[in-house]
Amino acid sequence: MIYSLRKTAVRSDAVIYAFRQRSHLLDTLRGLMVRSALSPASGSDRAMDASELPVAHLEANEVLAEIGKSLEASGEGATKQQLTELKSSIDEYWDSLPNIREQNGKLPPSVQQAAGSTGRRQIRHIARQISALNREQQDRAETRIQAEQHRLQGEVLLSSSLSLAVVLALIVGMSYRIRRTERYAETQYANVVQARTELRHFATQLEHAQEEERRTLSRELHDAFGQTMAAALVELSRIQNEMIDDDGTKAQLARVKLELEGSMRSIRDIALMLRPSMLDDLGLVPALRWQGREVARRSGLAVRVKADDNSESLPNAYRTCIYRIVQEALHNIVKHACAASAVVVFKWADDALVLTIEDNGKGFSPASEKGMGLLGIEERVGRLSGHVQVTSLMGKGTYIHVTLPLPVMAERELM
């Protein structure tokens, strides 16, 4: 487009320049004709001497030749005949010029310059020929410029149409590509959402299966191994007291009895750690208080549990979630916090269950030091559509705030 504009501008400038050049040459030729007709006796400073006429004639021929070259270079061959006729008229005029000057020399100066002086008719005829040639050149120049403008307009229109078509094609292509990408993104997002939902459902089922397996193992350890070892201890005591009189043998039996009692306590602790039977038999609050006492007994951490007693209406998933959160939090406090005390608070709010665990330990950075324990807590709470907030300052302890929405079953119980 820019190239076409420049090319058209150059052509227009060339046409205008050639027209102006020919106009100047024609004006020069007209001036030579008028001056050549004046006699020196007229007193005009434009009059020529007889010695100047050959030079003027030669100059007139040169002017005509220059006009012919300009026309030929411009492709204006149609005006060649007019130029030939003009040259013939000038030659005729020049041949009769001595007689014209002689006759004009006999006239008074004022009459020589009048319109009706001798030779004026021929000069006017030549001037009309020059003007007609000039006008024709002007018309042809304007026609060529208009043709260039029309051609440029056509090129502009064609280029604009092609550009518009290309832009429309690009828009359609980009729209199709964007829509296709959006559909692909929507499909992928739907797949991700479905996968996360399935994964969450699978995790919930796995957690339920895990809790059920823990419950089974806990009861097996408590009922089978615990009762068996209790019976063994009773029988060992009977043997020790009734059947053996040797003091050395009795001492060995006493040591075996102590070891059996220690093993029995370990089995009981393992069973309670897997899943305390009181969580299912007595409810959440007794299990939380027992857990606080056990952690305090094993680690020396002062644990205080404050909980509402109306948690019996909670579904099993909620009881398990809250118990495991407290278990994991107390385990982290004992292992990492170097704390002297911890406080566990569980209460019912207006529209949610609130659980907080606070310690006075050394603290940590939740953003950069989040371990598997906190991630597990977040996963458990997330499966119940809850929210976890962990706040910790170095040297000032840690505060865990858990919010769980009220379950439907619990809401019915409260109404």
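Biologist: Given that helices (H or I, at least four residues) and strands (E, at least two) are DSSP runs numbered from the N terminus, which helix holds I171?

Modeller: The model is predicted, so local features need pLDDT of at least 70 and side-chain atom pairs pLDDT 80 or more, whereas totals for chains, interfaces and linings use all residues. Residues are numbered from 1 along each chain as its sequence is written, and side-chain values use heavy atoms, leaving out hydrogens and water. The run of residues 120-242 includes I171, and this run is helix 6.

Biologist: Is I171 buried, partly exposed or exposed?

Modeller: The relative accessible area of I171 is 46%. Because buried means under 20%, exposed over 50% and partly exposed in between (1.4 Å probe, protein chains only), I171 counts as partly exposed.

Biologist: How many salt bridges does the model contain?

Modeller: The criterion is a side-chain nitrogen of Lys or Arg within 4 Å of a carboxyl oxygen of Asp or Glu. Among the pairs that meet it are R297 with E294, whose closest N and O atoms are 2.6 Å apart, and R179 with E186, at 4.0 Å from N to O. By this rule the count comes to five.

Biologist: What separates R383 and E379 along helix 11?

Modeller: These two side chains form a salt bridge with closest N and O atoms 4.0 Å apart, and R383 is partly exposed at 21% relative accessibility. Because R383 and E379 are four residues apart in helix 11 (residues 372-383), their separation is about one helical turn.

Biologist: Over how many bridges do strand 3 and strand 5 pair?

Modeller: Strand 3 (residues 352-359) has seven of its eight residues buried, and a hairpin of three residues joins strand 2 (residues 341-348) to strand 3, with these two strands pairing in the antiparallel sense over seven bridges. Across these strands V343 stands opposite E358, while T356 of strand 3 faces H401 in strand 5. Strand 3 also pairs in the antiparallel sense with strand 5 (residues 397-405), where pairing needs at least two DSSP bridges and the number is eight.
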